[in-house]
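Please open the model in a viewer and keep the selection tool at hand. The stops below take the form of selections, each followed by an account of what is found there.

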Amino acid sequence: MAFLQDPPQLSHPYRSDRSLLTLLDRALPAERRAALDADLDALGDYAQMAWHRACNTTRRKPVLTQWDAWGRRVDRIELTTAWQEGPGITTRHAVLAAGHADSEHARLEEFARVYLYHLASEFYTCPLAMTDGAATAIKASGNRELIERVLPRFLSRDASTFWLSGQWMTENAGGSDVGNTETVARQDAGGQWRLYGRKWFSSAVVGEAALALARPEGAGSGTAALALFYVETMDGERRKSELVIDRLKDKLGTQELPTAEIHLDGLPAWPLGELAHGVRQVAPMLNVTRTWNGICAVASMARAISLARDFATRRQAFGRPLIEQPLHAQTLADMQAEFEGAFALAFEVAHLLGRVEHGTAAPHEAALLRLLTPLAKLWTGKLAVQVCSEAIECFGGAGYIEDTGLPQLLRDAQVYAIWEGTTNVLSLDSLRALAGDSLGALRTASTHWLDGNDDMHAASAIRQTLDAAARWLDQHAAARETLESGARGLAFTLARCAAAALLARQASWSSAHADPRPAAALRRFVRLGLDRLIVPDGDNTALLLG
């Protein structure tokens, strides 16, 4: 019989994930850890089942039906099986509700669930992120009427009452520059606000609600004049006629996610607060959705590495398994170390978010969260593409074949660098954070994370690189164009320093519990380098682009 290669098998995503297990053992009180276990185990079961289903069924995309047989506009979207299962899984396992519990650990417990559910959900986590962000923004607004009407729906533990929320910001003329928003809010004769305009990229159009930026009629130009509005999309079982779906996007990845172009033609809306400074009201939402982005990016890396590592034990080449080939083993170990750094940073942001929200954070940690949120999002987004690309290369030609399910990992990973702000946008946002005392906050935190660490080489590398970053900032403080040109390198440098210090903290704890593996991850991560600083050459740039 001709040789047949065994495909990779997915280990249980929860029980086999040593990074997640050791993080939760270290960070959570024992009673909370035990209470969380059943949900995480069930989500791991679901993820394993979903991978098996994806490998044995033809991939489907959502389908938009705009008209029924009798000419009535219906804009009905047929969803994939995983999306149909989404409300039940979300509510049964408190994927959203957990993050709003009365505990400083709430966000860590929420994002542990997100990490396990994300890939199995087929990016149903995208509207979940928008819903989480909307709940956070509505709570921050203090709008009592909306809080009482909406939060029980967004945070429901019952699928029959659960609502999703969209986030409608992006327009043809705007993109990241939301000051160019053209959607207009007008009051009708009865005083009801209504929205008119086109939203070019709506990632949660199947939801029952959304938050949208619009310019109140008669308001001035620019970002400050925008207001943030809450809308509802459904009239019973039927989509509201004032919301028209033009088409679904045909995207590189995340193809199960129905992303739409929509027109708003008088859709009823309610302002969250004042009729201005809507972008400022969006800010609490961005901290949350960018954290979702980082956690989902590390989830994709974990899946890619898990499959590549398993395949390396099954694939024989040149007389022995790939896992025993020195260069292949080196490649996998480098990927694992990079992943563990990204994992540590993304989950520290999640835990920090919970502490800040619940008022238990140390004095420096609000400034630290302001800096680490964009750093974690931008670095994990870029790293996910790199790791997923390397992983499918580990399969050789099989990694390039669609029905293995592997190319989807790379296509989907590209979205992390784009959603919730591109790498450049977030690098500039990090610069704004550094205008305060965020670098001092990072130094303070790193000193704490390195407490008890016995890897002097790693500690020295972290401190020296942070010193170099501080000198770079001081040297170029008066040259705005140079600062902006080098912002990406600075952001990657600070992200890697924070990740290394966090790995040192985990290594110290794990070594005390007879687990040497996190210390190995720290050594390799530092050896792969922390410093990504550059000195921009404006003349060279002009020549290359001229």
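The residues that line the largest pocket of this predicted model comprise 23 nonpolar, 16 polar and nine charged residues. The volume of this pocket is about 1300 Å³. To centre the view, select Q167, L286, R290, E420 and G421, which are the closest to the pocket centre among the 48 lining residues.

Next, colour the elements that each give two or more residues to the lining: α5 (125–141), β5 (193–202), α7 (278–314), α8 (326–357), α9 (365–393) and α11. Of the lining, α7 supplies the largest share, with seven residues.

From the pocket, proceed along α11, one of the elements of its lining. Select residues 423–434 for helix α11 and residues 487–512 for helix α15; their axes come within 9 Å and cross at roughly 75 degrees. The angle lies between 65 and 115 degrees, and therefore α11 is roughly perpendicular to α15.

Display the side chains at this crossing. On α11, the contact involves T423, N424, S427, L428, L431 and L434, and on α15 it involves A487, R488, L490, A491, F492 and L494. By class, eight of the contact residues are nonpolar, three are polar and one is charged.

For the last stop, select D235, which lies in strand β8 (residues 234–235). Is D235 buried or exposed? With a relative accessible area of 56%, D235 is exposed, because the cut-off for that class is over 50%.

Notes
Residues are numbered from 1 along each chain as its sequence is written. This is a predicted model: local features need pLDDT of at least 70, side-chain atom pairs count only at pLDDT 80 or more; totals for chains, interfaces and linings use all residues. Side-chain values use heavy atoms; hydrogens and water are left out. Axes are lines fitted to C-alpha atoms, for helices over the stretch in contact, and angles run from 0 to 180 degrees between N-to-C directions. Helices (H or I, at least four residues) and strands (E, at least two) are DSSP runs, numbered from the N terminus. Angles under 35 degrees count as roughly parallel, over 145 as roughly antiparallel, 65 to 115 as roughly perpendicular and the rest as oblique. Contact means heavy atoms within 4.5 Å. Ala, Val, Leu, Ile, Met, Phe, Trp, Tyr, Cys and Pro count as nonpolar, Asp, Glu, Lys and Arg as charged, and the others, Gly among them, as polar. Buried means under 20% relative accessible area, exposed over 50%, partly exposed in between (1.4 Å probe, protein chains only). On a 1 Å grid over the protein atoms alone, a cavity is a set of points where a 1.4 Å probe fits but cannot get out, and a pocket is an open set with protein on both sides within 12 Å along at least five of seven lines; lining residues have an atom within 4 Å of a point. Grid points are joined across faces, edges and corners, and a volume is the space filled by probe spheres set on the points.
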